[in-house]
Amino acid sequence: MSINLRFVFWILLLLSIGGGFYSQLQKGLSVETNILRLLPTTEVNPFAEEAFERFSEQNFKKVILTIEAPTVEEAIISSKSLSAQLLQSGLVSSIDTQLSQQDQEAIAQLYFKHRFHLLSDADRALFQQQGSEPFIDATLQLVYSPLSSQLISLLPKDPYLLSYRYLQDVTDVSNSPQRQLVDDVIMYRHQGKIYSVVSATLQASPFDSQAQQQLTHQLDDFQQDSPNIKLLYTGAIFYAHHAAASAKSEISTIGLGSLIGVILLLVLAFKSIRPLVLTLTSLGTGVFLGFTVTHLAFGSIHVLTLVFGASLIGVAVDYSFHYFASANESRRPLKHILGAITLGLVSSVIGYAALFSTPFPGLQQMAVFCAAGLIGAFLTVTLLFDKVNVNVNSPKAITTTFTFLSRFSLTFRHPTFLLALTALPVIAVILLSEVEDDNDNIRQLQSIPPELYQQEQTIQKMVASPATNQFFVVQADTTDELLNQLGSLNADLNTLVDRNAIEGYKHIAQFVPSRQVQDKNYLLLSNYLDRQSLSPLIELGLLNRQQLLSLVDNYLSSNGNHLDLQDWLQSPLGQRFSYLWLGEIENQVAAIITLHNIHNLEPLETLADKHEKLYFINKVDKVSAMFTEYREKALFMLGLALVAIFLLLSLKYSALIAGLILLAPIAASSLAIIVNILVAGSFNLFSTLALFLVFGIGVDYGLFYSESKKRSPYIVLAIGLSAITTFLSFGLLSLSQTPAIHAFGLTMLTGILSVFLLSPIFGHHIYRAQGVLDE
Amino acid sequence: MIQRIITLTILTSTLLFVFGSQSVSAFTGDSCDLKQITQVLQSQESLHQFSQEKHIKVLANPLKSSGYLLLADNDAVVWQTLKPIKSTTVISELEFKQFNKNDQPVSMPTNSDNQTSQLISSTFLSILSGNLNSLNANFEVEALCDQSSWDIRLTPTNPRIKRMIKLIQIDGSGHIEHLSFSEANDDTTKLLFTPVSEPLIKKQLGSYLVD
């Protein structure tokens with residue numbers, strides 16, 4: 001193909017990427033920061049998956065703010081002004097810790113209206129076992145207590161104070177002994193300090209970067225304006241904000257760091273501006289293609305993909321280095337290196353294809369991004385570079401340095417050393433089999449700043465907020481069946497509480513019993529509204545004849561006047577607890593049972609197994625288990641890719657050379673595994689991902705040797721430059737605050753260093769196997 | 001978290017003292033300060049018999065009850081209604097407990113959640129135990145004394161108390177004799193105290209203070 005024709009193709013490539021990018025731009029580019037979007041579906045049942053998604057969507061919008069103040073008064077004033085500011089800013093849609101007088105009355109009225117249908121489990125049992133007497137006693141006690149009440153005026157219409165008792169039961173659903181309500185503000189005393197609590201629901205998604213910034217600014221301003229108080233907060237939005245901010249800074253440090261390294265190396269090694277411009281063009285085209293293809297394929301691009309993607313520079317630059325190193329010897333170097341870089345690209349793409357085959361959206365994105373990026377860089381080298389005339393003359397000092405390094409490595413060229421290297425994979429496999437599954441924790445995906453975590457811990461200790469990743473989902477055909485099921489689970493759930501597996505639970509049937517239960521309550525009460533049951537109240541003049549008659553009338557006319565779930569959901573109370581209700585999923589209705597302070601998971605799973613339509617959702621553990629599974633799967637896929645590459649290379653060369661090309665990356669990867677396990681104590685999914693890159697790069701190095709017809713110092717130069725850029729980009733990656741990326745970087749560092757040091761040795765043996773004479 | 005709030009509506013109403021509004025005695029003495037009266041009350045008898053009469057607007061007849069009141073040393077009081085139904089309430093700075101006729105603890109309208117109810121129960125405690133000095137913080141106090149007896153009118157200044165109580169009147173001599181409360185909605189409660197010396201009952205009531 002002529003140089004000009006290739007140039008036309010390159011321009012066409014650029015235009016089509018531009019076109020694709022433009023079409024994406026029209027639809028709106030979206031950079032995803034929600035960590036859950038990276039995760040595969042963990043539930044076999046799509047219903048449970050959907051349930052988790054709905055619940056977490058609501059839950060992610062919650063924020064809890066606490067104010068530590070020196071006095072109760074200051075805590076109250078601060079939390080009121082904070083609530084007002086948040087509402088005024090439009091950032092939050094509601095303050096969940098506030099119920100206006102009007103709201104409270106609406107709730108009390110709703111329960112009063114349905115008083116003949118509502119009994120707590122305990123009260124129902126009390127009526128059944130002891131009749132009306134305990135209720136009469138309680139009423140009398142209240143009436144004659146020195147601290148009496150306006151509830152007395154309720155007596156003619158509700159002589160057993162059932163509406164009050166039910167409401168009391170509802171309010172006891174989650175009760176914390178240190179909690180106080182002062183002047184409509186929730187207060188805690190914790191370790192001798194005074195806290196007030198404001199919990200709110202956000203208007204926008206917690207992953208909306210504008211909302212993140214506005215909220216953090218507002219809270220910072222609030223803290224600055226009130227130096228006496230200390231503001232603590234927790235919620236998904238704060239973690240998402242931190243993750244987005246640190247990812248952004250990491251992309252720029254890693255991207256910029258490796259870019260500066262590449263520029264410096266190019267200028268030093270080739271002493272010309274053209275290689276620099278061309279290399280940057282090749283990298284730019286690669287990143288551009290990677291971004292566009294990924295965004296096109298997934299509809300958005302995850303911020304972690306970009307972080308990993310930024311390190312792609314270290315690999316993509318290999319092609320350019322090889323080209324320009326070879327340009328020292330030839331004016332048209334492409335034909336000398338085309339075989340090597342094509343095979344390099346193919347083997348890398350095989351590796352990424354293996355990665356893509358995992359059903360893991362995050363890994364798939366990274367695989368697509370890297371494969372497309374490499375193809376973009378490769379095409380630029382092959383189509384564009386020859387168009388520009390480049391005269392390269394690498395300084396003697398640099399080639400000598402690299403040649404010296406490779407001579408040093410060659411002191412280990414004895415075949416027994418190669419034999420000794422084969423022991424490394426065995427040791428690595430043994431160590432891997434002993435790695436605990438725990439190191440695949442999902443939390444590695446997120447950098448958790450200690451002060452946010454500290455705040456969350458402090459808040460969690462006071463406010464018994466429900467666990468966000470572990471809960472039950474109940475499924476039924478109808479709403480009523482659902483309420484019935486929830487109600488019938490109470491006994492089992494109470495056992496869990498008694499056994500201290502959990503400290504509490506919450507579901508909608510605690511607020512709205514099923515119709516069946518309500519009808520049972522109604523019928524039960526018919527026994528206790530007669531003159532005889534109520535006689536103590538009548539004798540004391542608390543209830544007169546007329547009032548008794550209208551009470552009975554009232555009771556009879558409210559037959560079938562059930563408390564309806566929809567009415568409750570629309571009440572101010574239901575609005576606060578709407579997250580317990582999932583609504584319709586796949587023609588079924590569903591609800592959540594939230595759990596507080598889980599101590600033991602096993603009995604929860606056992607309970608779910610016992611009931612057909614009860615699911616225990618345990619996202620964290622499931623994903624972590626899945627990470628383990630994928631780590632093993634990814635290693636297996638890497639093995640398969642290895643076999644495929646071996647077969648491919650055996651066709652081109654001999655099996656011996658193919659073996660020599662692959663042995664270097666295998667030994668290096670094994671060494672990386674061993675070092676990681678011995679030093680860092682873990683080897684997780686993300687380290688495994690790094691092995692894919694170590695392999696890609698290691699195979700590249702081997703190919704550079706096997707494709708060359710004579711011993712050339714410029715191969716050592718190309719490999720040396722490539723290794724240094726890879727160190728630069730991945731060394732920076734190992735500084736990442738996100739544990740997953742850190743692990744990735746560390747593996748890359750050890751892997752590439754080993755490959756770099758081993759490559760001259762294997763190069764030597766490859767030369768000998770191909771009959772290339774010693775210098 | 002929110003559920004607790006709902007209790008507020010009820011609790012605020014629950015804990016209203018519904019004490020009587022009619023003036024206790026037409027006493028005309030010189031103005032004096034609470035310190036003097038507090039001193040007099042230091043040596044009052046610890047066990048009193050009480051009778052209580054509540055006038056509630058929605059009820060035709062007043063609610064009458066009677067029982068014993070123990071003023072314990074450690075600033076706690078035990079209030080036991082015997083007629084028409086036995087019930088016992090223990091109030092101290094730290095706690096508020098109630099027991100039913102079988103002496104089982106009951107969780108009827110308690111007030112541990114609510115600062116207003118705490119304020120009111122501590123007011124009640126201050127009055128009964130004779131620590132009148134502390135009332136200055138939340139009430140405007142008018143006190144009149146002569147050689148043997150005294151008369152106090154308390155008008156709430158604290159807005160939280162004000163929402164529920166209009167006026168508290170207390171009079172007595174060596175001990176508190178009358179106490180009356182009038183509530184914001186005009187329900188009233190009138191109490192009459194008589195010191196008694198019944199060691200057995202004193203022991204019985206004292207047993208509620210021991211956990």
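Colleague: At what angle do helix H12 (residues 313-326) of chain A and helix H28 (residues 685-706) of chain A pack?

Modeller: This is a predicted model, in which a pLDDT (the predictor's confidence in each residue, from 0 to 100) of at least 70 is needed for local features and of 80 or more for side-chain atom pairs, whereas totals for chains, interfaces and linings use all residues. Residue numbers start from 1 along each chain as its sequence is written, while chains are lettered from A and ligands numbered from 1 in the order in which they are written. Helices (H or I, at least four residues) and strands (E, at least two) are DSSP runs, numbered from the N terminus. With axes fitted as lines to C-alpha atoms, for helices over the stretch in contact, and angles running from 0 to 180 degrees between N-to-C directions, the axes of H12(A) and H28(A) are 10 Å apart and the packing angle is about 10°.

Colleague: Is H12(A) roughly parallel or roughly antiparallel to H28(A)?

Modeller: Angles under 35 degrees count as roughly parallel, over 145 as roughly antiparallel, 65 to 115 as roughly perpendicular, and the rest as oblique. The angle here is about 10°. That makes the relation of H12(A) to H28(A) roughly parallel.

Colleague: How many nonpolar residues does the contact of H12(A) with H28(A) have?

Modeller: Taking contact as C-beta atoms, placed from the backbone, within 7 Å, Val315(A), Asp318(A) and His322(A) in H12(A) meet Leu693(A), Gly696(A), Ile697(A), Asp700(A) and Phe704(A) in H28(A). Ala, Val, Leu, Ile, Met, Phe, Trp, Tyr, Cys and Pro count as nonpolar, Asp, Glu, Lys and Arg as charged, and the others, Gly among them, as polar. By class, the contact of H12(A) with H28(A) has two charged residues, two polar ones and, for the nonpolar class, four.

Colleague: How many of the nine residues of strand S12 (residues 588-596) of chain A are buried?

Modeller: A residue is buried if 20 or more other C-beta atoms, placed from the backbone, lie within 10 Å of its own, exposed if 12 or fewer do, and partly exposed in between. S12(A) is largely enclosed by the rest of the structure, because the number of its nine residues that are buried is seven.

Colleague: Which residue in S12(A) is the bridge partner of Trp581(A)?

Modeller: Two strands pair if DSSP finds at least two bridges between them, and four bridges join strand S11 (residues 581-585) of chain A to S12(A), the two running antiparallel. S11(A) and S12(A) form a hairpin with two residues between them, and Glu586(A) in the turn has a positive phi of about 50°. The partner of Trp581(A) in S12(A) is Ala591(A).

Colleague: Which residue in strand S13 (residues 614-618) of chain A is the bridge partner of Phe472(A)?

Modeller: Strand S9 (residues 470-476) of chain A has five of its seven residues buried, so it is largely enclosed by the rest of the structure. S9(A) runs antiparallel to S12(A), with six bridges, and Phe472(A) is there partnered by Ile593(A). Five bridges join S9(A) to S13(A), again antiparallel, and in S13(A) the partner of Phe472(A) is Phe616(A).

Colleague: Which element of chain A has the lowest mean pLDDT?

Modeller: Chain A averages a pLDDT of 83, and 94% of the residues score at least 70. Among the elements of chain A, the highest mean, 92, belongs to helix H20 (residues 515-525) of chain A, and the lowest, 67, to strand S4 (residues 179-182) of chain A.

Conventions:
Contact = placed C-beta atoms within 7 Å.
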